[in-house]
Amino acid sequence: MGNYDLKQEVTDKYSLRGRVFSKLRADILSGKYKDHEELKEVAIGEELGVSRTPVREAFRQLELEGLIQIIPNKGAYVTGITAKDVQDIYMIRSLLEGLCARWATEHITEAQLEELEENVYLADFHASKGHLDQMADLDNRFHHILYEACNSRQLERLLVDFHEYVLRVRKQTLSNGGRGKISNDEHRQIMEAIKAKDGGRAEELAHEHMTNAYDNMVKNGLYHIYPTEG
(Lines give C-alpha, C1' and ligand atoms only; values in the text may rest on other atoms or scores of the structure.)
Protein backbone atom coordinates (compact mmCIF):
# COMPACT_ATOMS: atom_id res chain seq x y z
CA MET A 1 0.00 0.00 0.00
CA GLY A 2 1.33 3.46 -0.87
CA ASN A 3 1.95 6.25 1.58
CA TYR A 4 -1.26 7.68 3.00
CA ASP A 5 -1.53 11.46 2.73
CA LEU A 6 -4.32 12.79 4.98
CA LYS A 7 -3.78 16.36 3.81
CA GLN A 8 -4.24 15.27 0.20
CA GLU A 9 -7.38 13.31 1.10
CA VAL A 10 -8.92 16.35 2.78
CA THR A 11 -7.97 18.53 -0.21
CA ASP A 12 -9.53 16.04 -2.62
CA LYS A 13 -12.71 15.80 -0.55
CA TYR A 14 -13.37 19.52 -0.79
CA SER A 15 -12.01 20.09 -4.30
CA LEU A 16 -14.34 20.53 -7.24
CA ARG A 17 -13.36 17.11 -8.55
CA GLY A 18 -13.93 15.63 -5.09
CA ARG A 19 -17.41 17.12 -4.81
CA VAL A 20 -18.38 15.92 -8.28
CA PHE A 21 -17.03 12.46 -7.50
CA SER A 22 -18.89 12.29 -4.17
CA LYS A 23 -22.17 13.36 -5.80
CA LEU A 24 -21.86 10.85 -8.65
CA ARG A 25 -20.85 8.02 -6.36
CA ALA A 26 -23.81 8.74 -4.06
CA ASP A 27 -26.16 8.82 -7.05
CA ILE A 28 -24.83 5.50 -8.35
CA LEU A 29 -25.02 3.81 -4.95
CA SER A 30 -28.53 5.17 -4.31
CA GLY A 31 -29.78 3.70 -7.59
CA LYS A 32 -30.40 7.00 -9.38
CA TYR A 33 -28.31 5.69 -12.24
CA LYS A 34 -29.15 2.16 -13.31
CA ASP A 35 -26.81 -0.66 -14.19
CA HIS A 36 -25.30 -0.22 -17.68
CA GLU A 37 -26.72 3.31 -17.98
CA GLU A 38 -24.46 5.74 -19.82
CA LEU A 39 -23.14 8.74 -17.89
CA LYS A 40 -22.81 11.72 -20.18
CA GLU A 41 -20.15 14.30 -19.35
CA VAL A 42 -21.96 17.28 -20.83
CA ALA A 43 -25.33 16.55 -19.20
CA ILE A 44 -23.76 15.90 -15.79
CA GLY A 45 -21.63 19.02 -16.08
CA GLU A 46 -24.70 21.11 -16.84
CA GLU A 47 -26.65 19.51 -13.99
CA LEU A 48 -23.87 20.20 -11.49
CA GLY A 49 -22.86 23.55 -12.94
CA VAL A 50 -19.27 22.54 -13.70
CA SER A 51 -17.10 22.12 -16.79
CA ARG A 52 -16.39 18.72 -18.33
CA THR A 53 -12.91 18.53 -16.77
CA PRO A 54 -13.90 17.74 -13.13
CA VAL A 55 -16.58 15.38 -14.45
CA ARG A 56 -13.98 13.53 -16.53
CA GLU A 57 -11.63 13.37 -13.53
CA ALA A 58 -14.45 12.04 -11.34
CA PHE A 59 -15.19 9.39 -13.96
CA ARG A 60 -11.61 8.14 -13.74
CA GLN A 61 -11.87 7.86 -9.95
CA LEU A 62 -15.23 6.08 -10.20
CA GLU A 63 -13.69 3.60 -12.63
CA LEU A 64 -10.91 2.88 -10.13
CA GLU A 65 -13.60 2.03 -7.56
CA GLY A 66 -15.29 -0.29 -10.05
CA LEU A 67 -18.51 1.71 -10.16
CA ILE A 68 -18.31 2.61 -13.85
CA GLN A 69 -16.56 1.31 -16.95
CA ILE A 70 -15.06 3.74 -19.45
CA ILE A 71 -15.09 2.32 -22.98
CA PRO A 72 -12.80 4.25 -25.35
CA ASN A 73 -14.64 6.11 -28.13
CA LYS A 74 -17.99 5.07 -26.66
CA GLY A 75 -18.53 6.49 -23.18
CA ALA A 76 -18.82 5.79 -19.45
CA TYR A 77 -21.28 3.16 -18.26
CA VAL A 78 -22.49 2.31 -14.77
CA THR A 79 -21.42 -1.06 -13.40
CA GLY A 80 -22.56 -0.26 -9.87
CA ILE A 81 -22.85 -2.77 -7.05
CA THR A 82 -24.00 -6.34 -7.63
CA ALA A 83 -25.55 -8.81 -5.22
CA LYS A 84 -22.20 -10.65 -5.12
CA ASP A 85 -20.47 -7.38 -4.22
CA VAL A 86 -22.90 -6.89 -1.33
CA GLN A 87 -22.24 -10.41 -0.07
CA ASP A 88 -18.48 -9.82 -0.24
CA ILE A 89 -18.78 -6.45 1.49
CA TYR A 90 -20.74 -7.89 4.41
CA MET A 91 -18.32 -10.78 4.84
CA ILE A 92 -15.31 -8.45 4.79
CA ARG A 93 -17.07 -5.97 7.06
CA SER A 94 -17.84 -8.72 9.56
CA LEU A 95 -14.09 -9.16 10.07
CA LEU A 96 -13.13 -5.50 9.93
CA GLU A 97 -15.97 -4.35 12.21
CA GLY A 98 -14.79 -6.92 14.74
CA LEU A 99 -11.24 -5.56 14.58
CA CYS A 100 -12.62 -2.02 14.84
CA ALA A 101 -14.59 -2.88 18.00
CA ARG A 102 -11.52 -4.46 19.57
CA TRP A 103 -9.36 -1.42 18.85
CA ALA A 104 -12.14 0.94 19.92
CA THR A 105 -12.19 -0.83 23.28
CA GLU A 106 -8.55 0.19 23.73
CA HIS A 107 -8.84 3.78 22.50
CA ILE A 108 -12.39 5.05 23.00
CA THR A 109 -12.75 8.32 24.89
CA GLU A 110 -15.27 9.01 27.63
CA ALA A 111 -17.12 11.40 25.33
CA GLN A 112 -17.37 8.76 22.59
CA LEU A 113 -18.55 6.13 25.06
CA GLU A 114 -21.22 8.50 26.36
CA GLU A 115 -22.36 9.15 22.78
CA LEU A 116 -22.60 5.38 22.16
CA GLU A 117 -24.80 4.98 25.23
CA GLU A 118 -27.00 7.90 24.22
CA ASN A 119 -27.23 6.51 20.69
CA VAL A 120 -28.52 3.15 21.94
CA TYR A 121 -31.02 4.84 24.24
CA LEU A 122 -32.40 7.08 21.47
CA ALA A 123 -32.58 4.19 19.01
CA ASP A 124 -34.68 2.21 21.49
CA PHE A 125 -37.08 5.14 21.75
CA HIS A 126 -37.43 5.54 17.98
CA ALA A 127 -37.78 1.77 17.53
CA SER A 128 -40.75 1.82 19.90
CA LYS A 129 -42.32 4.58 17.77
CA GLY A 130 -41.54 2.96 14.43
CA HIS A 131 -39.42 5.92 13.30
CA LEU A 132 -37.39 4.19 10.59
CA ASP A 133 -35.55 7.27 9.30
CA GLN A 134 -34.30 8.20 12.76
CA MET A 135 -33.31 4.59 13.45
CA ALA A 136 -31.33 4.44 10.22
CA ASP A 137 -29.54 7.69 11.07
CA LEU A 138 -28.71 6.47 14.57
CA ASP A 139 -27.54 3.12 13.21
CA ASN A 140 -25.18 4.94 10.86
CA ARG A 141 -23.88 7.13 13.66
CA PHE A 142 -23.28 4.18 15.99
CA HIS A 143 -20.90 2.62 13.51
CA HIS A 144 -19.19 5.90 12.72
CA ILE A 145 -18.49 6.49 16.41
CA LEU A 146 -16.69 3.14 16.52
CA TYR A 147 -14.79 3.97 13.32
CA GLU A 148 -13.62 7.22 14.89
CA ALA A 149 -12.78 5.51 18.18
CA CYS A 150 -10.62 2.72 16.71
CA ASN A 151 -7.67 5.10 16.33
CA SER A 152 -6.77 3.86 12.84
CA ARG A 153 -7.19 6.16 9.85
CA GLN A 154 -6.69 3.26 7.47
CA LEU A 155 -9.35 1.06 9.04
CA GLU A 156 -11.74 4.00 9.38
CA ARG A 157 -11.41 4.82 5.67
CA LEU A 158 -12.10 1.23 4.63
CA LEU A 159 -15.14 0.88 6.86
CA VAL A 160 -16.64 4.24 5.89
CA ASP A 161 -16.41 3.26 2.21
CA PHE A 162 -17.94 -0.17 2.78
CA HIS A 163 -20.67 1.41 4.90
CA GLU A 164 -21.61 3.82 2.11
CA TYR A 165 -21.59 1.09 -0.51
CA VAL A 166 -24.53 -0.74 1.09
CA LEU A 167 -26.62 2.21 2.30
CA ARG A 168 -29.37 1.36 -0.20
CA VAL A 169 -30.06 -2.01 1.35
CA ARG A 170 -29.33 -1.16 4.99
CA LYS A 171 -32.41 1.01 5.53
CA GLN A 172 -34.62 -1.69 4.04
CA THR A 173 -32.88 -4.29 6.20
CA LEU A 174 -33.66 -2.34 9.36
CA SER A 175 -37.35 -2.20 8.47
CA ASN A 176 -37.78 -5.94 7.89
CA GLY A 177 -38.54 -8.68 10.38
CA GLY A 178 -38.10 -6.49 13.43
CA ARG A 179 -34.44 -6.15 12.54
CA GLY A 180 -34.24 -2.54 13.73
CA LYS A 181 -34.92 -3.44 17.38
CA ILE A 182 -32.74 -6.54 17.22
CA SER A 183 -29.92 -4.55 15.61
CA ASN A 184 -30.01 -1.98 18.39
CA ASP A 185 -29.97 -4.74 21.02
CA GLU A 186 -26.79 -5.98 19.35
CA HIS A 187 -25.41 -2.45 19.45
CA ARG A 188 -26.09 -2.36 23.18
CA GLN A 189 -24.17 -5.58 23.74
CA ILE A 190 -21.21 -4.25 21.75
CA MET A 191 -21.31 -1.00 23.71
CA GLU A 192 -21.44 -2.83 27.03
CA ALA A 193 -18.48 -5.04 26.08
CA ILE A 194 -16.48 -1.94 25.14
CA LYS A 195 -17.49 -0.25 28.37
CA ALA A 196 -16.30 -3.34 30.27
CA LYS A 197 -12.96 -3.15 28.39
CA ASP A 198 -13.55 -6.65 27.00
CA GLY A 199 -12.00 -6.29 23.54
CA GLY A 200 -12.35 -9.95 22.65
CA ARG A 201 -16.07 -9.97 23.42
CA ALA A 202 -16.60 -6.68 21.57
CA GLU A 203 -14.86 -8.13 18.50
CA GLU A 204 -16.97 -11.29 18.61
CA LEU A 205 -20.22 -9.35 18.97
CA ALA A 206 -19.40 -6.89 16.18
CA HIS A 207 -18.57 -9.80 13.87
CA GLU A 208 -21.87 -11.50 14.70
CA HIS A 209 -23.73 -8.21 14.23
CA MET A 210 -22.60 -8.01 10.60
CA THR A 211 -23.33 -11.64 9.80
CA ASN A 212 -26.78 -11.31 11.37
CA ALA A 213 -27.49 -8.22 9.27
CA TYR A 214 -26.49 -10.09 6.13
CA ASP A 215 -28.55 -13.16 7.05
CA ASN A 216 -31.58 -10.93 7.64
CA MET A 217 -31.12 -9.32 4.24
CA VAL A 218 -31.03 -12.72 2.53
CA LYS A 219 -33.97 -14.02 4.54
CA ASN A 220 -36.14 -11.06 3.49
CA GLY A 221 -35.16 -11.23 -0.19
CA LEU A 222 -33.60 -7.78 -0.31
CA TYR A 223 -31.17 -8.77 -3.03
CA HIS A 224 -33.70 -7.72 -5.66
CA ILE A 225 -32.49 -4.11 -5.58
CA TYR A 226 -29.08 -5.21 -6.90
CA PRO A 227 -28.29 -6.90 -10.22
CA THR A 228 -27.01 -10.47 -9.95
CA GLU A 229 -24.17 -9.91 -12.39
CA GLY A 230 -21.66 -7.15 -13.02
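A: The crossing of helix H7 and helix H10 is left-handed, a term used if the near helix is turned anticlockwise from the far one by less than a right angle, with clockwise being right-handed. The helices are DSSP runs (H or I, at least four residues; strands are E, at least two), numbered from the N terminus. This is a predicted model, in which local features need pLDDT of at least 70 and side-chain atom pairs count only at pLDDT 80 or more, while totals for chains, interfaces and linings use all residues. Residues are numbered from 1 along each chain as its sequence is written, and side-chain values use heavy atoms, with hydrogens and water left out.

Two packed helices are described by the angle between their axes and by the distance between those axes. The axes of H7 and H10 come within 11 Å and cross at roughly 25° (axes are lines fitted to C-alpha atoms, for helices over the stretch in contact, and angles run from 0 to 180 degrees between N-to-C directions). That makes H7 roughly parallel to H10, the word for angles under 35 degrees, whereas over 145 counts as roughly antiparallel, 65 to 115 as roughly perpendicular and the rest as oblique. On the H7 side, the contact (heavy atoms within 4.5 Å) is made by Met 135, Asp 139, Phe 142, His 143 and Leu 146. H10 answers with Gly 180, Lys 181, Ser 183, His 187, Ile 190, Met 191 and Ile 194. By class, this contact has six nonpolar, four polar and two charged residues, where Ala, Val, Leu, Ile, Met, Phe, Trp, Tyr, Cys and Pro count as nonpolar, Asp, Glu, Lys and Arg as charged, and the others, Gly among them, as polar.

The crossing of H6 and H10 is left-handed. H6 brings Leu 113, Leu 116, Glu 117, Val 120, Ala 123, Asp 124 and Ala 127 to this contact, and H10 brings Lys 181, Asn 184, Asp 185, His 187, Arg 188, Met 191, Ile 194 and Lys 195. Seven of the residues in the contact of H6 with H10 are nonpolar, two are polar and six are charged. Lys 181, His 187, Met 191 and Ile 194 of H10 take part in the contact with H6 and in the contact with H7.

Now to the empty space. Rolling a probe the size of a water molecule over the atoms shows where such space is left. On a 1 Å grid over the protein atoms alone, a cavity is a set of points where a 1.4 Å probe fits but cannot get out, a pocket is an open set with protein on both sides within 12 Å along at least five of seven lines, and lining residues have an atom within 4 Å of a point. By this rule there are two cavities of 30 Å³ or more. The second largest cavity has a volume of about 70 Å³, a volume being the space filled by probe spheres set on the points, which are joined across faces, edges and corners. It is lined by 10 residues, and the closest to its centre are Ala 123, Met 135, Asp 139, Gly 180 and Asn 184. H6, H7 (132-149) and H10 each supply at least two residues of this lining, and H10 gives the most, with four. The lining of the second largest cavity has five nonpolar, four polar and one charged residues.
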